[in-house]
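Welcome! Please take a look at the sequence and the structure below, and then we will walk through some of the details together.

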Amino acid sequence: MGMNVSRHDDLSENEYLKRFVGKEHIPAYNDEFWNSFLQYHINLPTNSQEQLSLDSRLEALCQSFISHNLSTGNFGSLINVYLVKVSELLALSDAESTVHIWQAFNALFIIRCLIKYMIETGSEYQLLQHFEALPIQESQRQQEGGTTQAGTSGEVAVNIDPKVIADNKAAVAKLVDGTKFETFLEALVNIIVVIPVKEFTYHLHLEAVNCLIVLLSVSQFSQQRTDKSTIFKTIYKCQHANTLMSALLHFLSRMTQVPSTMFGFGTGGSFVFGIAESLWSILTFARKQPDILSTHDLPSAFKDHYPLANQSLLLMLILTNHYTTKDNPYRVSLFGCSDSQADSSKDDAATFKIDFSSLYNTLCRIVTIDQATLLLYLLLHRNQRFYKYVMAQPNLQQLVIPILQTLYNAPDSTSHHIYMSLIVLLILSEDDNFNKSVHQIILKNITWYTERSISEISLGGLLILVVIRTIQYNMLKMRDKYLHTNCLAALANMSGQFRSLHPYVAQRLVSLFETLAKKHARLDQQLKQSVNGEAAVVDVSASMSAPSSDDMLQDLSVLEEVLRMVLEILNSCLSHQLVYCPNLVYTLLYKRSVFEAFRSHSAFQDIIQNIDMVVGFFSSRLVRVQDQRGELGVNEVLEVISKGASQWSSDRLRKFPDLKFKYVEEDAPEEFFIPYVWSLVCKAGCVHFSSESIKGVTTDITC
């Protein structure tokens with residue numbers, strides 16, 4: 001263990017690797033070989049280029065492994081060595097276990113590399129064959145009903161005769177029942193849930209999580225349905241789903257930073273136990289110095305400096321978003337967890353307990369990251385305990401402001417991220433207390449909002465501004481009807497609680513209707529010209545690209561739905577909060593002309609009458625005051641409005657149903673969420689897959 005080991009620039013010349021992937025069987029009890037084989041140090045690849053470099057250097061070795069392992073059973077020997085290391089770890093103290101952790105990690109890293117190669121280049125059945133493969137002599141004895149004699153540590157490796165390789169294929173096929181894989185999976189789970197996370201165990205935990213992600217990636221490299229997959233069935237029947245989900249959520253919540261060294265290795269130094277640098281030191285990659293999480297490139301900082309939290313988050317998303325319509329113990333577990341700080345007598349049915357305060361604070365820190373937004377959505381939508389906890393928080397701005405920043409910087413985000421951020425806001429807006437409290441939280445100097453300098457604004461006002469901006473961005477860039485619907489639904493839920501609207505917020509609300517009204521007029525005119533045959537055609541290409549009458553009719557119908565919704569939002573505010581929104585009344589008076597074209601329109605007449613009644617009431621009061629005082633300034637107009645509001649009765653207005661919208665997940669959520677989750681694994685994860693081989697992810701997703 002302490003001997004000096006020479007370096008090799010070419011992995012193909014590594015004698016231990018050559019023996020492992022070669023034609024000779026190496027028994028699991030050959031301690032001399034395995035101790036030497038597992039004596040190496042590696043910094044994990046952190047990006048696709050480093051992964052590609054590693055994969056290319058291992059390509060020939062992996063091919064040799066595939067050619068020989070069904071006859072040598074060396075992968076099974078390595079699995080057995082790994083299982084022994086893990087079982088020993090569970091019984092050792094911290095002082096005794098460091099070497100075992102180092103070797104268990106090294107064994108698991110090799111196993112993960114081989115599994116990843118087999119998944120990307122072969123089938124699940126072939127992978128399980130390699131798990132169960134025994135050396136030829138061993139499998140022949142089992143077929144003949146013989147017994148296996150345990151070897152001794154001094155027994156030499158067995159050389160396999162290539163002439164009998166073909167005869168062994170049928171024997172190997174009979175052994176593929178998944179039993180060894182199940183044992184291997186249980187050991188992975190034990191690493192995650194039993195061994196505490198400490199500086200010298202961090203990378204072992206990370207490797208166990210990565211290995212589970214790689215195993216689940218079998219769904220992306222095969223057209224086989226997951227309910228037919230042995231790997232998926234084994235993972236989803238795991239009896240430890242609660243403890244596994246609990247451990248993963250704790251890894252995320254605690255956000256432990258990656259240690260600067262692995263198992264006591266320095267950047268070029270030796271192991272704390274005096275073990276020399278390894279045969280595989282050539283695989284060490286450069287590691288960036290730790291940086292603060294407040295960096296502008298938060299996703300990269302989170303992945304580089306908190307990889308265990310990042311990978312645990314991705315694994316939770318994978319586990320909960322498959323089998324959404326079937327029995328999924330991981331989904332039940334996540335949605336049933338409760339607050340460890342709450343009254344325990346009320347949570348007897350909880351699947352596990354976690355400190356919601358710590359989890360909430362962590363999500364507030366990273367919610368601008370795509371995968372964190374998705375987890376927040378799942379918890380708010382499906383875990384009522386967590387939803388109620390969030391709604392009771394006095395510092396909601398810590399969660400809401402980063403979400404608004406994501407929407408404000410929409411061009412820098414994916415359409416999926418924008419969509420999920422809006423749905424989170426919609427779910428939050430379903431709570432009346434939220435809608436009240438956001439107008440009581442006053443913000444100062446929001447520097448990232450650059451449309452206009454605002455020294456002070458309520459959180460509710462900022463939310464309205466950003467959602468309106470998102471609608472306008474969608475009109476220009478994305479043209480997504482569902483995104484419009486979610487934006488307007490959130491505003492509608494809040495509209496009955498609008499209070500103390502900033503003048504600019506009131507202007508933007510009315511300007512939104514004005515912008516939509518102008519677009520409606522243009523589209524209506526184009527449609528009339530098209531129907532009458534008066535559309536001017538400049539050239540052939542222009543006529544080919546011009547929208548058809550049916551398309552324009554459909555666009556007009558959608559636009560009228562949006563216009564109606566904006567009017568309902570304005571009406572809801574006037575019906576419930578007019579006395580608290582003088583700036584909105586002022587803006588309606590100033591912009592009364594934008595509603596003229598819709599007074600006679602059958603789709604808007606009823607609701608326009610309410611707005612006209614409000615405008616007419618305050619107009620007449622202003623005229624009377626002007627007759628007495630002459631021209632009025634802005635402050636004087638607002639004073640007249642405030643006095644008039646105290647005498648106004650909303651009973652004059654026509655009653656409409658309260659605006660209440662509730663988010664409902666579609667019937668087949670897997671069609672949206674599974675490709676989305678795996679795109680995040682490829683883009684934001686620490687394990688990098690061969691995107692060319694992926695079959696299960698939609699074509700617009702790249703790794």
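A salt bridge is a side-chain nitrogen of Lys or Arg within 4 Å of a carboxyl oxygen of Asp or Glu. Keep that in mind as you read, and remember too that this is a predicted model.

**The protein as a whole**

Let us start with the overall picture. The protein has 703 residues, and 54% of them are buried. Its chain forms 30 helices and six strands. Take the contacts between residues at least 6 apart in sequence: 78% of these join residues at least 24 apart. The protein exposes about 31100 Å², and 49% of that comes from carbon and sulfur atoms.

**Salt bridges**

How many salt bridges does a search of the whole structure find? The search finds 20.

| Pair | Closest N and O atoms |
|---|---|
| Asp55 and Lys116 | 3.3 Å |
| Arg469 and Glu451 | 2.8 Å |
| Glu639 and Lys643 | 3.5 Å |

Asp55 forms its salt bridge with Lys116. This pair links distant parts of the chain: Asp55 sits in helix H3 (residues 48–72) and Lys116 in helix H5 (residues 94–121), 61 residues apart. Are the two partners buried or exposed, or something in between? Asp55 counts as partly exposed, at 27% relative accessibility, whereas Lys116 is buried, with a relative accessible area of 4%.

Next comes the salt bridge between Arg469 and Glu451. Arg469 lies in helix H22 (residues 459–478), while Glu451 is in the loop between strand S5 (442–444) and strand S6 (456–458), so the pair ties together parts that are 18 residues apart in sequence. Arg469 is partly exposed, with a relative accessible area of 24%, and Glu451 is partly exposed as well, at 42%.

In the last pair of the table, Glu639 and Lys643 both belong to helix H29 (residues 634–647), four residues apart, which is about one turn of the helix. Why can such a spacing bring side chains to one side? An α-helix has 3.6 residues a turn, so residues three or four places apart point the same way. Glu639 is partly exposed at 35% relative accessibility, and Lys643 is partly exposed with a relative accessible area of 48%. Salt bridges can also share partners, and in this way Asp55, Lys116 and Glu120 are joined into one network.

**A buried lysine without a partner**

Now let us turn to Lys85, which is found in helix H4 (residues 74–89). Lys85 is buried yet has no salt bridge. The nearest side chain of opposite charge belongs to Glu88, 4.9 Å away, and a salt bridge needs the atoms to be within 4 Å. Leaving aside residues up to four places away in sequence, Lys85 touches Asn35, Gln103 and Ala104.

**An enclosed helix**

Finally, have a look at helix H14 (residues 307–321). H14 is followed by Tyr323, whose phi is positive, near 55°.

How values were computed: Residues numbered from 1 in each chain as written. Predicted model: local features only at pLDDT ≥ 70, side-chain atom pairs only at ≥ 80, totals over all residues. Heavy atoms only, no water. Helix = DSSP H or I, 4+ residues; strand = E, 2+ residues; numbered from the N terminus. Buried < 20%, exposed > 50% of the residue type's maximum accessible area, 1.4 Å probe, protein only. Contact = heavy atoms within 4.5 Å. Areas by Shrake-Rupley, 256 points an atom, 1.4 Å probe, with all protein chains shown as cover. Lys, Arg positive; Asp, Glu negative; His and termini not counted. Expected span 1.5 Å × (residues − 1).
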